Amino acid sequence: MSKTYFNQRDADNIDKIERILDEDLPDFCREYFVGISSNTTPLTRLNYAYDIRTFFGYLTKKIYRLKGRNTKDITPADIEALSPFEIEAYLNYVEIYKDEQGAIVKNSARGKSRKLAAIRSMIRYFEKKQVIKYNPTASVDTPKLRDKEIVRLENDEISSMLDVVDTGSGLSERQQKYQENTRIRDLAIVSLLLGTGIRVSELVGIDIDDVNFKDMSFVVTRKGGARVILYFNDEVAGYLYDYYSSRIAANKTLKNEPALFLSLQKRRITTRAVENIIKKYSSVATPLKHITPHKLRSTFGTQLYRNTGDIYIVADVLGHKDVNTTKRHYAAITEDIRRNAATKVHLYEDSGYKRENDVKTKSKENE
């Protein structure tokens with residue numbers, strides 16, 4: 001059960017954070033990133049670094065008294081001098097802007113909320129350390145988030161998607177040529193996502209040694225680095241074993257590659273590659289739905305919830321630390337559970353028929 005992939009990913013993210021700190025952020029920010037390192041993952045800190053860099057870049061472009069300054073020269077006093085309106089103006093700015101490479105970036109309310117959370121976290125840290133006394137984000141409202149529509153596949157759509165992966169029907173001529181070489185692998189990937197609800201990052205991190213067909217289990221590395229054992233059913237086992245067998249055979253020439261799922265270049269497959277695989281097949285099977293690996297995760301969670309009615313089981317299997325996260329995702333199908341519950345309780349042993357006869361009997365007695 002090697003953690004090499006995840007260790008390397010974390011190391012790469014830490015290197016990226018260091019480069020941002022060295023090149024783009026003022027020295028005082030280093031204290032913040034060290035301070036939060038014990039309770040955040042490198043990926044979380046990297047995303048914070050990106051957002052804080054964007055914020056400081058905005059300050060030196062749009063705030064008059066800071067215009068023209070290098071982001072490295074910004075001080076805690078400059079942050080403390082900001083007004084709530086200037087924070088709100090920043091949130092308005094990031095709705096659509098150009099990044100460092102000139103690409104257009106758009107942010108929904110959810111994206112703006114994440115950016116506010118990043119700078120709010122940093123300012124609160126320095127407020128707590130008494131480096132600054134005034135927090136300009138304290139009176140800024142978090143953008144209102146609308147409940148996202150939960151997109152998932154229905155049973156017939158699951159079958160359609162697996163058929164496309166298996167046969168290549170509906171794919172372009174060029175795509176079919178690739179599909180001939182990747183069919184077995186892609187069936188294993190799609191079935192594992194649909195049959196277990198794992199995240200795409202968890203899937204690409206699976207090593208050959210993580211799979212155990214004796215008890216139909218496998219090990220994944222969750223967010224935060226926890227290693228947990230999950231299980232797959234007979235349907236997934238069939239697709240997975242076909243690929244696993246070919247992967248073991250190929251291992252003779254790939255002795256130094258522990259990854260289970262490989263790209264055509266014989267290296268560990270990337271999350272982007274898996275996203276493109278799902279997009280390719282789902283655009284044929286369900287052209288009216290925008291399906292991603294996360295939507296396959298939602299599909300699994302929905303089926304599990306409908307079959308068990310237990311939100312805690314769903315939360316545990318999906319690896320949600322907070323059951324409220326699960327509730328937000330699957331609240332839409334509680335109506336099914338409630339409707340089904342209404343049929344489980346009867347007021348009379350023989351349902352409504354007995355009540356009707358009792359009413360008729362009482363009516364005759366009254367006559």
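Helices here are DSSP runs of H or I with at least four residues, strands are DSSP runs of E with at least two, and both are numbered from the N terminus. Keep in mind that every view below shows a predicted model.

View 1. As background, strands of a sheet pair through backbone hydrogen bonds, in either a parallel or an antiparallel way.

View 2. Five residues lie between the two strands of the hairpin. In that turn you'll find Gly 224, with a positive phi of about 90 degrees.

**View 3. Helix 8 crosses helix 12.** Helix 8 takes in residues 173-196 and helix 12 takes in residues 293-308. Their axes come within 6 Å and cross at roughly 45 degrees, and the two helices are therefore oblique to each other. On the helix 8 side, the contact is made by Leu 193, Leu 194, Gly 195 and Thr 196. Helix 12 answers with Pro 293, Leu 296, Thr 299 and Phe 300. Sorted by class, the contact residues come out as five nonpolar, three polar and no charged.

**View 4. The second largest pocket draws on several elements.** This pocket holds about 480 Å³ of space. There are 21 residues in its lining, and those nearest its centre are Leu 194, Gly 195, Asn 233, Glu 235 and Val 236. At least two lining residues come from each of helix 7 (155-167), helix 8, strand 5, helix 10 (234-250) and helix 12. The lining splits into 12 nonpolar, eight polar and one charged residues.

View 5. The structure holds one cavity of 30 Å³ or more, and the space in the largest cavity is about 30 Å³. Around it you'll see Phe 28, Pro 76, Ile 79, Met 122, Ile 123, Phe 126 and Ile 132. Helix 4 (76-80) and helix 6 (109-128) are the elements that give two or more residues to this lining. Helix 6 has the largest share, with three residues. By class, the lining counts seven nonpolar, no polar and no charged residues.

Conventions: Residues are numbered from 1 along each chain as its sequence is written. This is a predicted model: local features need pLDDT of at least 70, side-chain atom pairs count only at pLDDT 80 or more; totals for chains, interfaces and linings use all residues. Side-chain values use heavy atoms; hydrogens and water are left out. Two strands pair if DSSP finds at least two bridges between them. Axes are lines fitted to C-alpha atoms, for helices over the stretch in contact, and angles run from 0 to 180 degrees between N-to-C directions. Angles under 35 degrees count as roughly parallel, over 145 as roughly antiparallel, 65 to 115 as roughly perpendicular and the rest as oblique. Contact means heavy atoms within 4.5 Å. Ala, Val, Leu, Ile, Met, Phe, Trp, Tyr, Cys and Pro count as nonpolar, Asp, Glu, Lys and Arg as charged, and the others, Gly among them, as polar. On a 1 Å grid over the protein atoms alone, a cavity is a set of points where a 1.4 Å probe fits but cannot get out, and a pocket is an open set with protein on both sides within 12 Å along at least five of seven lines; lining residues have an atom within 4 Å of a point. Grid points are joined across faces, edges and corners, and a volume is the space filled by probe spheres set on the points.
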